[in-house]
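Trainee: I would like to learn how to read a structure. Please take me through it slowly.

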Amino acid sequence: MNRIMNGLAPLVLLAVLLAAWEIACRALQVPAYFLPPPSAVAIAMAMDAPGLVAAAWNTLSVALMALVLASLLAQAIAVTIALNELLEHAVRPLASVLQVTPVVAIAPLVLIWAGIDHPERAVITLAVLVAFFPIFSGAVTGLHAADPDLERLFDLYQAGQVQRVLRLRLPSAVPFILEGHKVGAGLAIIGAVVAEFAAGSGGIRGLAWRILDAGNKLQTARMLAALMVLGLMGVVLHAVLDRLEQYGLKWWRGR
Amino acid sequence: MDPIVALDQVEVDYPDRGRALGPFSFSVAPGEIVALVGPSGSGKSTALRLLAGLEGPTGGSLRRDLGRGETSVVFQAPTLAPWLSAQANVALPLELSGMPKHEAHAQAGLALDRVGLAAARSARPAQLSGGMAMRVSLARALATGPKLLLLDEPFAALDEITRRTLADDVLKLWAQSRPAIVFVTHSVEEAAYMAARVVVMTRGPGRIAGEISIPGELPRPQAFRATPGFRQAAEDISTCLAQDAGDVR
């Protein structure tokens with residue numbers, strides 16, 4: 001019973017908020033270009049459905065591809081620097097610089113490098129840059145989080161550095177890496193959307209382009225519809241990755 | 001017989017907390033069981049790391065007549081890799097020593113049989129009780145057939161009944177291959193029960209406060225704890241510890 005209530009609570013709140021919005025718009029006669037009522041947004045969403053789905057897929061596929069690339073890159077670099085302490089000292093500050101640089105600020109540069117004909121390359125690159133850090137940071141932390149007594153055990157049997165990384169540190173890092181992917185996936189979507197904005201209209205027909213396009217035409221209901229699809233996509237992706245993380249941890253821990 | 005490991009006037013200083021041990025002279029003969037007893041901070045664990053070759057002394061000399069894989073350590077916690085089954089955990093040191101995987105796993109299976117965990121081969125550490133996990137840790141230490149087995153307060157986290165059973169198990173396992181055993185403990189009773197020789201250490205920096213021989217055969221016969229020899233030995237160890245504490249006061 002409690003579980004049902006807990007599940008219903010956010011839906012009830014949502015319904016109340018939407019109702020208040022609808023009533024306020026009608027009662028105060030807010031112009032539709034300023035704030036359309038939720039019913040208008042729902043209509044825009046339904047009318048636009050095929051286009052929105054296609055745009056959502058464009059954004060999602062870019063984010064997922066970026067996540068895969070960021071995952072491979074981050075783990076490869078983390079493992080490589082785990083093999084050599086000096087290398088780690090060299091790489092970590094650079095990685096931090098990457099983390100604190102806003103993606104919007106590098107976007108124009110990446111767009112130039114990708115070439116005017118290939119904005120999609122720029123968008124993927126930017127999404128990779130954003131998704132990279134949490135995975136990298138998780139992996140680096142995890143690679144240092146092995147049980148010190150297990151480390152001593154490896155000392156005792158004079159294990160080599162490669163053996164130590166592959167058989168002790170990398171498996172110890174799994175929970176941290178899983179968490180990094182969860183955070184990274186959310187950021188990959190944000191990175192993809194921001195990059196789409198920077199790329200401007202036309203090149204990449206993702207959700208950001210739908211928002212820009214509708215905004216230029218002052219079709220506020222369509223803007224909100226695209227925004228809601230974006231939010232929904234984020235929530236679903238987060239839920240899926242949360243579940244995957246739980247399965248991953250269960251597999252790692254054996255229960 | 002020549003000792004397999006000997007510490008001669010050894011001192012260990014740590015940069016941040018000063019002297020932890022020494023001067024400390026101590027040697028272990030093949031096959032003997034020695035207990036190191038002392039208050040917290042007496043450098044018992046430091047002494048154990050020296051014996052394991054995991055650390056070097058700041059001063060004095062350390063001689064170890066042991067090859068790679070001939071020393072095993074059982075830590076305070078079971079220290080098992082959570083992502084590996086019990087059998088894979090036990091096989092790990094064998095594989096690290098270069099044994100082929102299938103052979104290592106076969107030998108690990110036998111080692112688990114010996115500690116009474118034949119049914120738990122595929123269990124993960126999270127599925128084991130504290131006592132069972134400690135047994136897996138013991139099996140891992142013994143699987144390599146060590147000449148020197150070091151135990152660092154191995155039963156500290158377990159309940160009294162489990163501790164007693166494990167003490168008997170360790171002695172039984174010792175009787176099969178007779179490695180030298182050095183174990184660190186807070187428990188006077190455990191020291192007197194398991195060891196043939198008990199070395200009492202002073203408050204830090206650790207030095208030797210006294211040495212007590214425990215009469216009687218190993219593994220211990222039933223009701224050994226009720227014998228006058230055991231009681232006298234336990235009393236002597238306690239007195240030795242109390243004297244050191246009195247000196248400080």
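This is a predicted model: local features need pLDDT of at least 70, side-chain atom pairs count only at pLDDT 80 or more; totals for chains, interfaces and linings use all residues.

Mentor: Residues are numbered from 1 along each chain as its sequence is written, with chains lettered from A and ligands numbered from 1 in the order in which they are written.

Trainee: At what angle do helix 4 and helix 5 of chain B pack?

Mentor: Two packed helices are described by the angle between their axes and the distance between the axes. Axes are lines fitted to C-alpha atoms, for helices over the stretch in contact, and angles run from 0 to 180 degrees between N-to-C directions. Helices are DSSP runs (H or I, at least four residues) and strands likewise (E, at least two), numbered from the N terminus. Here helix 4 (residues 130-143) and helix 5 (residues 160-177) of chain B pack at about 15°, with axes 11 Å apart. The two helices of chain B, helix 4 and helix 5, are therefore roughly parallel (angles under 35 degrees count as such).

Trainee: Which residues of helix 4 of chain B meet helix 5 of chain B?

Mentor: Residues are in contact if their C-beta atoms, placed from the backbone, lie within 7 Å. In helix 4 of chain B, Gly131(B), Met134(B), Leu138(B) and Leu142(B) meet Thr162(B), Leu166(B), Val170(B) and Leu173(B) in helix 5 of chain B.

Trainee: How many residues of chain B are in contact with chain A?

Mentor: 18 residues of chain B are in contact with 18 residues of chain A. Strand 5 (71-74) and helix 2 (86-96) of chain B each supply at least two residues of the chain B side.

Trainee: How far apart do the C-alpha centres of domain 1 and domain 2 of chain A lie?

Mentor: Domain bounds come from an automatic or database domain assignment, which for chain A gives domain 1 (1-30) and domain 2 (35-254). Their C-alpha centres lie 32 Å apart.

How values were computed. Angles under 35 degrees count as roughly parallel, over 145 as roughly antiparallel, 65 to 115 as roughly perpendicular and the rest as oblique. Two residues are in contact if their C-beta atoms, placed from the backbone, lie within 7 Å.
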